[in-house]
Amino acid sequence: MSSTTQLNFSGKNLQGRSFRGQTLIGADFSNADIRGTDFTDAILVDANFNHAKAGLTVRHRFFWMAIVVLLSLLLGFATVFGLVFSGYLLFPFSLTPRHSPNILAAGIVLILFTLFVFSIVRRGLQTALSILFLMGILLGAVLGGLTGTIAGVASGIVAVTITVILATAATIAMVILMTLAITIAQKLAALLFIAGTIMGSLIGATAGVSIGATVVTVIARTATIPSTRIGAIAGAQLAAATGTTLGIAIAAWIAHRVLIGDSRFTWVKTLITKITMLGGTSFRNADLTNATFAYAILKSTDLSNSTLTRTNFHNSRGIDQARTDQTILSHAAVQALVVTHRGAQQSYVGQNLKGANLIGADLRGADLTDADLNGATLEEAWLEEANLTKTQAIGANFQGAHLTGACIEAWNIDSATQLQGVICDYIYLRNSQQERRPSSGSFAPGDFTELFEEVIQTIDLLFRNGIDQRAFNYSLHQLQIENEGMALAVRSLERKSNGVVVVRVDVPAESNKTQLHAGFLHHYDLAVRAIEEKYQAQLQAKDEQIILYQQQQADWKAVLAMLANQKQIANQQTPKAEQQKHRKWVCLHIGVGNLCTGFPVTLQIGNEMQSRLMQYTKGWLAAAPELSTLYEQWQSAYRKCLKANFRLDIPDTQITNISHHDFFLECNQAASHLEKQLNDWLNDPDFRPIKDRMLEQLAPSDSIRILLQTDNPQLRRLPFQLWDFCDRYPLAEIALSAPDYEQTASLRPPNPKAKILAILGDSTGIDLQSDQAVLAQLPNADVTFLVEPQRQELNDQLWKQSWDMLFFAGHSFSQSDTAGGYIRINPHESLTIAQLKHALRQAIAQGLKLAMFNSCDGFGLAHQLSDLHIPQTIVMREPVPDRVAQEFLKNFLMGFSQGKSLYQAVRESREKLQGLEDHFPCATWLPVIFQNPAEPPLNWHDLQKV
């Protein structure tokens, strides 16, 4: 017989068969009867159990049914017999008929039962039994007290306590037997259990009365039984009958809760599951990788400690009554998801879904934060708007999955993670829908896969004590030689907050990344030692130069900054008063909110040495919905009143007969209203504690950087430079900042001059020659001009050289603050920052510190650049006339190149624009700084590296 035939068990009756330890790869058990079959330790990779029927054999079901019936008879007999018998012997000694013992005894039972039921519903069975026991003692004392004797009280306590103990034991036994009966044969077994209990109760009542009367007669040595005893027995019989009936009812309710997975009765379910495993199907310790159990019946099946990698349980039944210890199915939420494939809007935070088969599962909006999806298959799964923050997905299969709107912050994937055919318009890199990618528009088909396959085709090299440039270059070269010319290229360099520098190197997808990583570190360590030995030999007598060399290893950027600072000290005579000024930074972190509800505010103040002087977290900006309307009114008036050329194509909104003077007046009035309302808002009592602390910590002579940290587009648009607080502090300037940021690490070769790339874009209708002339006259600057360049030319320049400053003049516009902006590089081409993302990221890694867009409506550009973590950006908030743009550039570069800080240079050049406001209203409102808070303040000498 062939191997294929031997492995075909489809539709066969395999009850009670043993396949223990056998290798059954790819075996077909579809539609087979595998009740009681033993697959312990078997290898069942790729096996097919679709529609198979597992669980107890018929013989074992009859065996357990007989046990249930027998135990129900015994339970009913023992419980009622005990109650009646104890009533005869112990209670009461001298009750008189007026105490209505029948009614009282039954009432006691009813009270106890009511408390019992209430406690079960609210607290669970174990707590309810404790309460029942305590209340039983109390009510027994009350009942016994009616006799008027101490002996009666004692007998009441003993009698009711015995009753409670018997009732407790009976209830637990009833719950276990009822649950077992329903698990085995559902309604039929439940009816047999009830019938057996009632029959046993009747026998127990009769026996209890007969034997109890005989015992009392013997004890009393008289043939006459007192009437009070007979009354007590009647009460005991009524209580027993009531208790038995109610006990059956509560046992049925608990059994129902157990079977639907109520966590309060987990111990019952666990016990029943272990009992029914005796005689059931066993897959214990079996390898079920890629096996399928679709539509299979798995009741009374042991799956404990089995390997369930990509095992398909879709639409299987009875798995909630299977044993799943040491598997991903041990958690009820995971079990439900694996079976139903429906988990939309559900939380699976931290859940173990390792190797889960979730093909086509609906996980839209699900929270999978910190979940383990390593090795799981999610082909064609719906993960739209799902939260995959910190999800482990190494080796997971996302082929054809829908990921639009998902958050993948810090998710962990590798080269084994399959992303082919992922359907995704956009994703978020941060929680709460932050850092959208792409920043605007949608991914083209295949873009998502290409983007994240690039990420995983790298090795990360960590340097905790700085980088030696020559050793790095040598090691990379040696690695290429050893791997027969393998293509290796530095993708990025990043400095972490703890000082660690991470260099990410592109490597081929099929390469052994572990081996490459180890090889590089080996060569690097050898090279560093060799270089250090060479220097020690050459500079043995020059200790100060050895120290300088060792400092070089700390970080290229730190060394170059230090040398630039030395040159500054030697060549520039800085005024003594300037050196003595305090330099402070202020951060106003504005939390989530809007102008209709208000915003929480956190204030931080420190000095430029990064030491924090204070923090205040209870600030509040009150609701001010009118600010949005006032800004829109001003914006409309501003755009209508200017007749000069803009560095933006502004569509004509309407043709009117209103004079330019009227537009001018309307703009100034709107500006006045907006300024007043803005200051009223910032001086509101709710915000006053923030302002008071700023006044306490800051002096008018301080040089102050005020960072307004928010991602709210309406707040970003407001002209916070008009805040009257700034009038008291002439050296203060406000900059905008994103809430999310990180420090950039850059490597730039020495150069005594500031390297500036100046892009002079489409000049249709505007004069860019003045901008070019100002830039050309900068001292100690090496300026490269690109006049109306092509896209490829601009891209190549950003890649080829190290730049300190990027300048653009020409037409630009923003779709919205968050959707992104466009620069028109020539009369026929417009580009977004996203279209230059890789080139700009390379430029930042090589030392780019400042981007300046002397063009219109630059908020969209600044928003996109902040995602790249560029240190500083200067843009114009609204359309800017030629004359204003030229004057600002001239004054800013003059002050900045002469040693003023970037913030001071911006403020002075911005305020000098006031002289033009008789022709160009609100010109002083236009320039805005965007700052990366992780980067230090910039000055001109930082751009000159030697």
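Colleague: How many helices and strands does the secondary structure of the chain come to?

Modeller: The model is a predicted one, and its chain has 946 residues, of which 51% count as buried. Among contacts between residues at least 6 apart in sequence, 61% join residues at least 24 apart. As for the secondary structure of this chain, the count comes to 25 helices and 21 strands.

Colleague: Which strands stand at the edges of the open sheet that 11 strands form?

Modeller: The sheet has mixed pairing, and its strands follow the order β10-β9-β8-β11-β12-β21-β20-β19-β15-β13-β14. From one strand to the next, the twist averages 20°. A strand at the edge has a single partner strand, so one side of that strand is left without a neighbour in the sheet, and this is the case for β10 (612-621) and β14 (781-787).

Colleague: What angle does the direction of helix α24 make with that of β19?

Modeller: Helix α21 (residues 791-800) packs on the sheet, where it touches β13 (754-760), β14 and β15 (805-809), and its direction makes about 170° with that of β13. Helix α24 (residues 882-897) also packs on the sheet, touching β15, β19 (850-854), β20 (872-876) and β21 (927-931). The angle between the direction of α24 and that of β19 is about 155°.

Colleague: Is α21 roughly parallel or roughly antiparallel to α22?

Modeller: The two helices pack with their axes 8 Å apart and at an angle of about 25°. Angles under 35 degrees count as roughly parallel, and therefore the relation of α21 to α22 is roughly parallel.

Colleague: Which residues of α22 make the contact with α21?

Modeller: α21 passes α22 in a left-handed crossing. On the side of α21, the contact is made by Asn 795, Leu 798 and Trp 799. In α22 (residues 837-845), the buried residues are Ala 839, Leu 840, Gln 842, Ala 843, Ile 844 and Ala 845. The residues of α22 that make the contact are His 838, Ala 839, Leu 840, Gln 842 and Ala 843.

Colleague: Where is Asn 305 found, and is this residue buried or partly exposed?

Modeller: Most residues other than glycine have a negative phi, whereas phi of Asn 305 is positive, near 60°. Asn 305 is found in the loop between β2 (301-302) and α8 (332-340).

Colleague: What is the relative accessible area of Lys 390?

Modeller: Lys 390 lies in the loop between α8 and β3 (427-430), and its phi is also a positive value, near 60°. This residue is partly exposed, with a relative accessible area of 46%.

Colleague: What is the omega of the peptide bond from Arg 437 to Pro 438?

Modeller: Most peptide bonds are trans, but the bond from Arg 437 to Pro 438 is cis. Pro 438 has its place in the loop between β4 (434-437) and α9 (447-456), and the omega of this bond is near -5°.

Key
Residues are numbered from 1 along each chain as its sequence is written. This is a predicted model: local features need pLDDT of at least 70, side-chain atom pairs count only at pLDDT 80 or more; totals for chains, interfaces and linings use all residues. Side-chain values use heavy atoms; hydrogens and water are left out. Helices (H or I, at least four residues) and strands (E, at least two) are DSSP runs, numbered from the N terminus. Buried means under 20% relative accessible area, exposed over 50%, partly exposed in between (1.4 Å probe, protein chains only). Contact means heavy atoms within 4.5 Å. Two strands pair if DSSP finds at least two bridges between them. Axes are lines fitted to C-alpha atoms, for helices over the stretch in contact, and angles run from 0 to 180 degrees between N-to-C directions. Angles under 35 degrees count as roughly parallel, over 145 as roughly antiparallel, 65 to 115 as roughly perpendicular and the rest as oblique. A crossing is left-handed if the near helix is turned anticlockwise from the far one by less than a right angle, and right-handed if clockwise.
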